[in-house]
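Subject: Structure for your review

Dear colleague,

Please find below the structure that I am handing over to you. My findings follow it, and I would be grateful if you would read them alongside the coordinates.

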Amino acid sequence: MHTSLTPVMAIVAVMVTSLSLQAAETPVLTIYTYDSFASEWGPGPAIEKTFEAECACDVNFVALDSSIGILGRVQLEGPSSKADIVLGLDTNLMKTARDTGLFAPHGVSLDGRTSLPVAFADDHFVPFDWGYFAFVYNSEAMATPPTSLKALVNAPDDIRIVIQDPRTSTPGLGLLLWVRSVYGDDAGEAWASLSPRIVTVTKGWWDAYSMFLDGEADMVLSYSTSPAYHIVVDGTDKYRAAAFDEGHYMQVEVAAMLKNAPQPELARQFMDFILSSDFQSVIPTKNWMYPAGKADLPEAFDGLIQPVEARLYSPEDVAANKSAWVGEWQRALSQ
Amino acid sequence: MAARAQPIALWRRPGPISPVGLGIAIGLLALALAAIGALVSVAGHGPAGGGGNILRVAAFTAMQASLSTLLALALALPVARACWRRAATWRAGWLLPFSFLPVVMPTTVAATGLIGVWGQRGFVSDYLALLGLDRLPPIYGLGAVLLAHVFFNAPLMLRVLNGALTSVPASQWRLSAQWGLSEWERFRQIEWPALRPVIPGLLALVFLLCFTSFSLILMLGGGPAVTTLEVNIYTALRFDFDLALAGKLALLQLVICGAVVVLLTRLTGRSWAAATPRPTHGVPHQKGDTSTFCRTVDALALALFIIITMLPVIAILVRGLGPYLIVVSEWPALYRATVTSLVIALSSGSLATMIALVLASARTRRSDAGLAVWPLDLSISLYLAVSAIVLGTGLFILLRQVADVFLLAPLLVTVGNMLIALPFAYRVLEGRLAALATAHDRLCAGLGLRGWRRLRRVTLPAIAPELGFAAGLSSALSLGDMTIVALFGSQQFQTLPWLLYQTMARYRAGEAAALSLWLLTLTFLLFMGFTLAARMLGRRRHA
């Protein structure tokens, strides 16, 4: 028995070693992103599969709890971070991110490859998707939603809305900037006037959205693309986004590569891959956002609102003012 | 000094367990301070200042936490008495096994349950509408926060207070029945002396939980006016990336909570000593128990308790039942996440219970020997006052320099959960051990039982139910954890709450409700498993 087992074991040992050597030779591209991007229902798995087929590498998504969580993690890790790429920051974080000095120019040409409603040119960040913030309502329960932000701010008290906290949530910050961009220095009064209609302010997007679905509020701050989810997955078009006359504030989500990326060549290749149709075509029905590059939109996106104006502060304006503006918001709602 | 010569005094010496416990306590204290220190020492990028209204926030937080704690006690106390004296006639004891569920629930899940009861389309509003009355107005604000805190904490208080009542010797109940003590007299002479020693510790525990409340405050508070220091800590850490400010705020939170813990511990004094084994059958009928007034009061207390603490759990069950359970059951990710969660929950739960046992024993021995116990109480309670995000970030900064944090993620999540469960396990064990110590000291001295043999033969069987409760509670707590895992989590390392979180982030309300139900069921099974195992342990040792 002993004699017959030994050769078998030797073969097994050789196979295991060669396999592990092979595994070690496959380079790994590490991408920090937010949880829902990497999840089974997000775009992560499909993108991982396509890119692995063309790069002969192993894509490793590291899922963190939010876009601000991604930046925080990279800042904590500093130059020794294992990340090659961060995917899931937005324009509001770009200035802060660039100032850390941890990111490298991507070297990707954006000319003619993007389809954003605003001009976007940046040597460090590549946009991968975008969306409009909007108030979503149930058309079966609410026949005539407000048609402008001002109408909502001055609406009768029986309209109840639920929003997110700008300090903890991306849409929450989006609304803060939206109100500021419409009202300017009068934003504080606008918030005070809106205050009686705010049922509650939640930590995250889903807390608010689920409250709305449960009938706790008439409208919820979300994205103009949210109704597409309900059309595609739930088969209902009763949830609609209210189009506001002043135009809608935007969110542009971006990716960047790290200066000290362990796999700089692969990282550069991935940065270029972001705007390819293989990546972009996954976005609409997996991340429920508009693709930042060129890709066909599914039918469910046809009926979505088309805002008259896309509002967006520059990353520099946001970085310089957000603390003061959040203070203004806090004071107005604490009265 | 002469007293020291008596044989019984041998058991009054703290013994080797005391330095071991003190060592662990100092280690825990050092770890917490190191984590905060790491934050403060890393230069932040945030704007300076921003702490103008901090004292106002701290004062509001303390007010909110005190109110929540007192309200929870005000509900739990009459319910504990009702549960105790109606255990035989109304079978009110069935509430107890469910009583740990709220405290271990992820807040997001609990909030859906609360809204399912008190919301615009909730049970209460539906019932009012059925009667032709107006639906409830939106509940959000300080009131909703207080209601939620009572929901979370009153059941835990009920459990501990009920435990204190069961340790009243049957002989005292018999005397009280014979003398025909009035309701008030009985409370003052018999029940209060049993309840009093556990109440300060309980108040401290619940105060800290309410003081550091975070997601729930944001969800139900109605706006930034209702806030806690923890919200500012999170904001400093995440929104402003001002680590130094976050560290300072964490320190302030620690100081306030530490002061409350020390104050309340000093109130405790010596634990109530005349403990005997629990009576196995009902207590003699007390005068007035069958009066209509007394029965009405008990019925009202129990009904209120069920509405506040049980209905939200039922709302979660109702939401979760449905076709989505089948959808979810077909996900391979569900089984992977379940296994991961169970492994972490079982290991951190057992670890927390073992360490809590050492610390609680050390506390009892030190208390008997007249040594200070506050260092133990303080160091353990601190882990309720250090927010998970501060602890996690601090540990991350410290460990990053010496190890690969990604490889360590499962270990870190286990240890993190263990630290958070430790104060609960400690409170549960400490009360019972203190009560037992005096009762057993003389007996064990007489038999010459000491050290390991005493632990195995006498102490373990006697505290088996508490051991089961502590282990069940600790494991269940870590099964429901969403904070620690979010700090260290990655795609390869997925727990059930993390899966739930990902489901929610993609609009999937139905699946999220089904997953919540699954998580709740698993929590309950895990807890019951520990309780049954403890019961078997207790029986076998007695036989």
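Two residues are taken to be in contact if their C-beta atoms, placed from the backbone, lie within 7 Å. By that criterion, 39 residues of chain A are in contact with 41 residues of chain B. Please bear in mind that this is a predicted model.

The side of chain A that touches chain B draws at least two residues from each of several elements of chain A: helices H2 (35–38), H4 (67–77), H9 (205–213) and H14 (315–334), together with strands E2 (58–64) and E7 (198–202). By residue class, this side of chain A comprises 15 nonpolar, 13 polar and 11 charged residues.

Turning to chain A as a whole, its C-alpha trace spans about 90 × 45 × 40 Å along the principal axes. The chain contains 14 helices and 12 strands. Of the 335 residues in chain A, 50% are buried. Among the contacts in chain A with a separation of 6 or more, 78% are between residues 24 or more positions apart.

The domain assignment divides chain A into domain 1 (2–130 + 251–301) and domain 2 (132–250 + 306–334). The C-alpha centres of these two domains of chain A are 30 Å apart. Their contact involves 19 residues from domain 1 of chain A and 18 residues from domain 2 of chain A. On the domain 1 side, helix H5 (91–99) and strand E10 (248–258) of chain A each contribute at least two residues. The largest share of that side, 5 residues, belongs to H5(A). The residues on the domain 1 side of this contact are 11 nonpolar, 6 polar and 2 charged.

Strand E1 (residues 28–34) of chain A pairs with E3(A) in the parallel sense over 3 bridges, and A:Tyr32 has A:Val86 as its bridge partner in E3(A). E3(A) is also joined to E10(A) by 5 bridges, and these two strands run antiparallel. Within that pairing, A:Ile85 has A:Met257 of E10(A) as its bridge partner.

The second topic is strand E9 (residues 239–242) of chain A. Here A:Tyr239 and A:Ala241 point one way, A:Arg240 and A:Ala242 point the other way, and all are buried. Strand E5 (residues 126–138) of chain A pairs with E9(A) in the antiparallel sense over 4 bridges. A:Phe135 has A:Ala242 as its bridge partner in E9(A).

A:Phe135 is also among the residues touched by A:Val220. Not counting residues up to four places away in sequence, A:Val220 touches A:Phe135, A:Val136, A:Ile161, A:Val162, A:Ala208, A:Tyr209 and A:Phe212.

In soluble globular proteins, nonpolar side chains tend to be buried together. The largest nonpolar core in this model has 272 residues, and those with the most contacts inside it are A:Val220, A:Ala255, B:Ala356, B:Leu422 and B:Ala425. Its largest share, 15 residues, comes from helix H19 (residues 405–447) of chain B. Domain 1 and domain 2 of chain A each provide at least three residues of this core.

Yours sincerely,

A colleague

Conventions. Residues numbered from 1 in each chain as written. Chains lettered and ligands numbered in written order. Predicted model: local features only at pLDDT ≥ 70, side-chain atom pairs only at ≥ 80, totals over all residues. Domains from an automatic or database assignment. Nonpolar A, V, L, I, M, F, W, Y, C, P; charged D, E, K, R; others polar. Core = buried A, V, L, I, M, F, W, Y, C linked by C-beta atoms within 7 Å. Buried ≥ 20, exposed ≤ 12 C-beta atoms within 10 Å, placed from the backbone. Pairing = 2+ DSSP bridges.
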